[in-house]
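This report describes a predicted model. The sequence and structure come first, followed by notes on selected features.

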Amino acid sequence: MRQNDIRRVLISVTDKKGIVEFAQGFQRYGVEILSTGGTAAELRKNGIPVTDVSDYTGFPEMMDGRLKTLHPKIHGGLLALRDNEGHMRALREHKIDLIDMVVINLYRFEDTVAKEGCTLTDAIENIDIGGPTMLRAASKNWRFVSVVTDPQDYPKILVEMKATGGKISEATNFELAQKTFQLTARYDGAISRYLGQFSGETAARMR
């Protein structure tokens with residue numbers, strides 16, 4: 001069974017519970033950590049070296065954070081098939097590095113719309129775009145990329161990496177991908193149910 005080396009990880013989490021300890025666990029294997037915004041600040045505050053995604057891509061965050069990770073250097077690194085020479089050649093030509101793991105949890109859309117006084121605008125701004133896109137890309141490429149969405153999985157991941165010298169198995173990756181697609185399906189379902197309350201005319205008036 002294939003085991004994949006974890007050399008580069010992208011971390012971007014809303015729920016920061018356990019993330020410092022998880023990231024500290026990567027340090028013994030020399031893993032490079034890419035991160036964004038508040039997550040990067042939290043890791044740095046705890047002495048963990050981090051490369052900002054904007055420095056990695058060469059493109060700044062913009063539009064109030066709407067545009068951060070939607071970039072070929074992110075998605076090429078997640079989607080490339082490591083056993084496909086054409087894919088690997090494209091990475092080399094465009095100076096794209098592989099990303100071996102993403103650690104992501106999403107904007108709390110359901111918590112937002114459950115708050116008293118939540119407006120349609122508030123709800124829309126809490127629809128995560130970059131997060132689900134990275135999760136789906138990583139999960140599609142589960143043979144080579146680990147995707148971690150649940151803080152309860154952090155200890156299990158570190159135990160496996162300790163046992164294998166910093167690697168994660170394809171079997172674990174497949175289980176993580178299953179869990180991730182279930183998560184994104186629930187997330188999209190929550191958005192669909194919420195927006196389904198409104199007609200187009202009502203939404204236009206509420207802008």
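## Helix 1 and helix 9

Helix 1 (residues 19–26) packs with helix 9 (residues 154–164) at an angle of about 10°, and their axes are 10 Å apart. Angles under 35 degrees count as roughly parallel, so helix 1 is roughly parallel to helix 9.

On the helix 1 side, the contact is made by Ile-19, Glu-21, Phe-22, Gly-25 and Phe-26. Helix 9 contributes Tyr-154, Ile-157, Leu-158 and Met-161. Sorted by class, the residues in this contact are seven nonpolar, one polar and one charged.

Five strands form an open sheet in the order 4-3-2-5-6, with parallel pairing. Strand 4 (51–52) and strand 6 (146–148) are the edge strands, each pairing on one side only.

Four bridges join strand 2 (residues 8–12) to strand 3 (residues 32–35) in the parallel sense. Ile-11 stands opposite Ser-35 in strand 3. Helix 8 (residues 130–140) packs on the sheet and touches strand 2, strand 5 (101–104) and strand 6. The direction of helix 8 makes about 145° with that of strand 5.

## The ends of helix 5

At the start of helix 5 (residues 85–93), a side-chain oxygen of Asn-84 reaches to within 2.9 Å of the backbone nitrogen of Gly-86. Lys-95 follows helix 5 and has a positive phi, near 55°.

## Confidence

The average pLDDT of the protein is 88, and 91% of the residues score at least 70. Confidence is highest in strand 6, at 96, and lowest in helix 11 (residues 200–206), at a mean of 60.

Note on methods. Residues numbered from 1 in each chain as written. Predicted model: local features only at pLDDT ≥ 70, side-chain atom pairs only at ≥ 80, totals over all residues. Heavy atoms only, no water. Pairing = 2+ DSSP bridges. Helix = DSSP H or I, 4+ residues; strand = E, 2+ residues; numbered from the N terminus. Contact = heavy atoms within 4.5 Å. Axes fitted to C-alpha atoms, helices over the stretch in contact; angles between N-to-C directions. Polar contact = N/O pair within 3.5 Å; in protein donor to acceptor, adjacent residues only side chain to side chain. pLDDT = per-residue confidence, 0-100. Parallel < 35°, antiparallel > 145°, perpendicular 65-115°, else oblique. Nonpolar A, V, L, I, M, F, W, Y, C, P; charged D, E, K, R; others polar.
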